[in-house]
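Q: I have a model open and would like to talk through some of its contacts. Could we go over it together?
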Amino acid sequence: MNISLYDVSVWVLPLIIAITFHEAAHGFIAHRLGDDTAWKLGRVSFNPLKHIDPFGTLILPAMLLFAHSPFLFGYAKPVPVNFRNLNHPKLDMVWVALAGPVTNIILATAAALAFHALPLVPADAAQWAADNLKNAFLINIVLAIFNMMPIPPLDGGRVAVGLLPRPLAIPLARLEPYGMLILIGLLILLPVIGRQIGRNLDVISMILRTLTGYVGNALLLLTGNT
């Protein structure tokens, strides 16, 4: 796979912004709702180095790449939140979890709106700016949708734990230590097994592509880009 410096320049910046704002949003909302854990640790920050996770940011995307996965994904170091410190722990956990994906949708909307300003960009930088905006639009939508999968410790899992009645929430919450193993199995092992038996088992990628298309089209319509 040939990756040029130009390719890196139009993918890395949108990815760093998407992940950094996502994680900082969790910490900021937790701070506003009573928990200062992330605030005191300096995690409510736009410094991307504060949020890099060696496995999720570097190793997992490389594993997916070498496994020829049609879908590449990574994640940052989770922002620490002590839910017991929140004003209303069960409900506020939902707001803290939603903060990241909502921020990504806001960033995707901002990128779509910025397409209208491209005629103001100098001609020699217009293509680079357009590619950055296009990738920012896509990355933020994918990050929001993926994180809303109802598997702890993803945001969607924590939203589900906060909203479900206790008899259902407790077993789901107990999956959190194994959540990343489940995700790796779904993202890497299922597609590999599918290729061995001649069937397409890459369910996660199919769901993400479908939902990304729906959300992307809705945002393009909303921002007047259709």
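**Salt bridges and helix packing**

A: Please note that this is a predicted model.

Q: Which residue forms a salt bridge with Glu176?
A: The partner of Glu176 is Arg158, and their closest N and O atoms are 2.6 Å apart.

Q: Where do the two sit in the chain?
A: The pair links distant parts of the chain, 18 residues apart. Glu176 lies in the loop between α7 (166-173) and α8 (179-197), whereas Arg158 belongs to helix α6 (residues 155-163).

Q: Why would such side chains pair at all?
A: Side chains of opposite charge can pair when their charged atoms come close.

Q: How many salt bridges does the structure hold?
A: There are two salt bridges in the structure. Besides the bridge between Glu176 and Arg158, one joins the side chains of Asp131 and Lys134, with an N to O distance of 3.9 Å.

Q: How are Asp131 and Lys134 placed in helix α5?
A: They are three residues apart in helix α5, so about one helical turn separates Asp131 from Lys134.

Q: Is Asp131 buried or exposed?
A: Asp131 counts as buried, because its relative accessibility is 13% and the cut-off for buried is under 20%. Lys134, at 47% relative accessibility, counts as partly exposed.

Q: What about Asn135, where is that?
A: Asn135 is also located in helix α5. Its relative accessible area is 5%, so Asn135 is buried.

Q: What is Asn135 in contact with, leaving aside neighbours within four places in sequence?
A: With those neighbours set aside, Asn135 contacts Val10, Trp11 and Pro14.

Q: Changing topic: at what angle do α4 and α5 pack?
A: Helix α4 (residues 89-114) and helix α5 (residues 123-147) pack at about 160°, and their axes are 8 Å apart. That angle makes α4 roughly antiparallel to α5.

Q: Is the crossing left-handed or right-handed?
A: The crossing of α4 past α5 is left-handed.

Q: Which residues make the contact?
A: From α4, the contributors include Pro101, Asn104, Ile105 and Leu107. From α5, they include Leu133, Ala136, Phe137 and Asn140.

Q: And by class, how many are nonpolar, polar or charged?
A: The contact of α4 with α5 has 13 nonpolar residues, three polar residues and no charged residues.

Note on methods:
Residues numbered from 1 in each chain as written. Predicted model: local features only at pLDDT ≥ 70, side-chain atom pairs only at ≥ 80, totals over all residues. Heavy atoms only, no water. Axes fitted to C-alpha atoms, helices over the stretch in contact; angles between N-to-C directions. Helix = DSSP H or I, 4+ residues; strand = E, 2+ residues; numbered from the N terminus. Parallel < 35°, antiparallel > 145°, perpendicular 65-115°, else oblique. Left-handed = near helix turned anticlockwise from the far one by under 90°. Contact = heavy atoms within 4.5 Å. Nonpolar A, V, L, I, M, F, W, Y, C, P; charged D, E, K, R; others polar. Salt bridge = Lys/Arg side-chain N within 4 Å of Asp/Glu carboxyl O. Buried < 20%, exposed > 50% of the residue type's maximum accessible area, 1.4 Å probe, protein only.
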